[in-house]
Amino acid sequence: MNHPPEDNLTEMTEFVLLGFADMSHLQWFLFGLFLIIYIIILMSNGTIFLITKMDPALQSPVYFFLSNFSFLEICYGSATLPRMLMNLGTQRRRISLVACATQMCFTHMFGGTKCLLLAVMAYDHYVVICNPLNYPLIMNPRVCIQLVTGSWTIGIPVMIGHTYQIFSLPFCGSKQINHFFCDIFPILRLACGDTFVNEMLVYIVAVLFVVVPFLLILGSYSKIISIILKLPSATGQAKAFYICLSHLMVVVLFFGSAIITYLSPNTRHSEKTDKVLSLFYTILTPMFNPMISSSLRNKDVIMALRKLLCK
């Protein structure tokens with residue numbers, strides 16, 4: 001990675017998030033577009049979270065995981081979109097070093113939690129399809145709470161330490177971050193000296209929080225598919241595929257864009273490509289999750305929503 005010369009070393013106190021500054025003629029269009037997307041994220045995920053908590057018929061483990069996932073999507077979208085909207089609306093793109101570090105830390109904490117929670121949901125699907133008789137015993141309330149708690153907390157010390165390590169680097173030269181949020185590689189490009197160790201740590205964290213959960217998900221679904229193909233009736237096969245299809249769609253969209261961003265060599269794709277990929281895993285998946293996940297059990301969700309609206 002190329003870096004500015006160290007003789008320009010200065011104590012950096014703020015950065016400039018360029019975002020979509022190169023599309024100056026579309027600033028208000030982008031503001032309106034991302035505002036609509038953010039409202040959809042809040043309303044749709046908030047609705048699923050609310051009905052899965054309030055409706056007695058939606059108290060099974062799968063809905064417990066879905067409610068946590070919907071709440072996580074609200075947090076994940078809120079880590080980037082409010083700052084992006086403020087920058088687009090005011091054209092004041094400055095962000096303090098502390099605010100930038102905080103945004104990066106929370107974005108990656110929620111991202112890591114999402115990877116782990118998707119793996120937990122895949123395991124839940126595996127148990128319900130491959131071992132249905134023992135499902136209530138295996139996925140009892142205590143186990144469900146432990147799995148969700150672990151997903152939320154295991155990445156906190158890792159991401160805090162990783163963020164501290166990156167922002168302890170000296171910065172020099174330009175303070176412009178060519179991105180719409182404070183992401184790791186755009187910030188490392190502004191650091192002075194050799195950042196090889198930092199980049200290796202990025203890959204290690206990505207392997208632990210992205211690749212390992214992704215492989216666990218693939219393992220779960222390979223087992224599920226082998227069981228589905230053995231089902232005697234075509235109706236049973238179609239129902240089982242329908243249960244898993246929505247989860248697989250979220251997995252492909254989220255993990256695909258994240259793996260390309262954090263595990264491919266940073267010189268192989270442009271900064272513009274980074275922005276597009278980041279839009280997929282930080283903004284589009286939180287928006288599409290309710291539409292995809294709700295189709296998983298459409299009748300149950302719609303019935304619960306009707307009950308809520310009739311109150």
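Predicted model: local features only at pLDDT ≥ 70, side-chain atom pairs only at ≥ 80, totals over all residues.

Visitor: What makes S2 and S3 a pair of strands, and in which sense do they run?

Guide: Pairing requires at least two bridges between the strands. S2 (residues 14–17) and S3 (residues 94–96) share three bridges, in the antiparallel sense. Val16 also has a bridge partner in S3, namely Arg94.

Visitor: How do you know that S2 pairs with S5?

Guide: The criterion is again at least two bridges, and two bridges join S2 to S5 (residues 176–177). Leu17 has Ile177 as its bridge partner in S5.

Visitor: Why are S3 and S5 said to stand at the edges?

Guide: The three strands form an open sheet in the order S3-S2-S5, with mixed pairing. S3 and S5 each have a single partner strand, so one side of each has no neighbour in the sheet.

Visitor: How do you know that the span of helix H4 agrees with its number of residues?

Guide: At 1.5 Å a residue, the 34 residues of H4 (residues 97–130) should span 50 Å; the end C-alpha atoms are 49 Å apart, which agrees.

Visitor: Why is H4 called mostly covered?

Guide: A residue counts as buried under 20% relative accessible area. In H4, 25 of the 34 residues are buried, hence the description.

Technical notes:
Residues numbered from 1 in each chain as written. Heavy atoms only, no water. Helix = DSSP H or I, 4+ residues; strand = E, 2+ residues; numbered from the N terminus. Expected span 1.5 Å × (residues − 1). Buried < 20%, exposed > 50% of the residue type's maximum accessible area, 1.4 Å probe, protein only.
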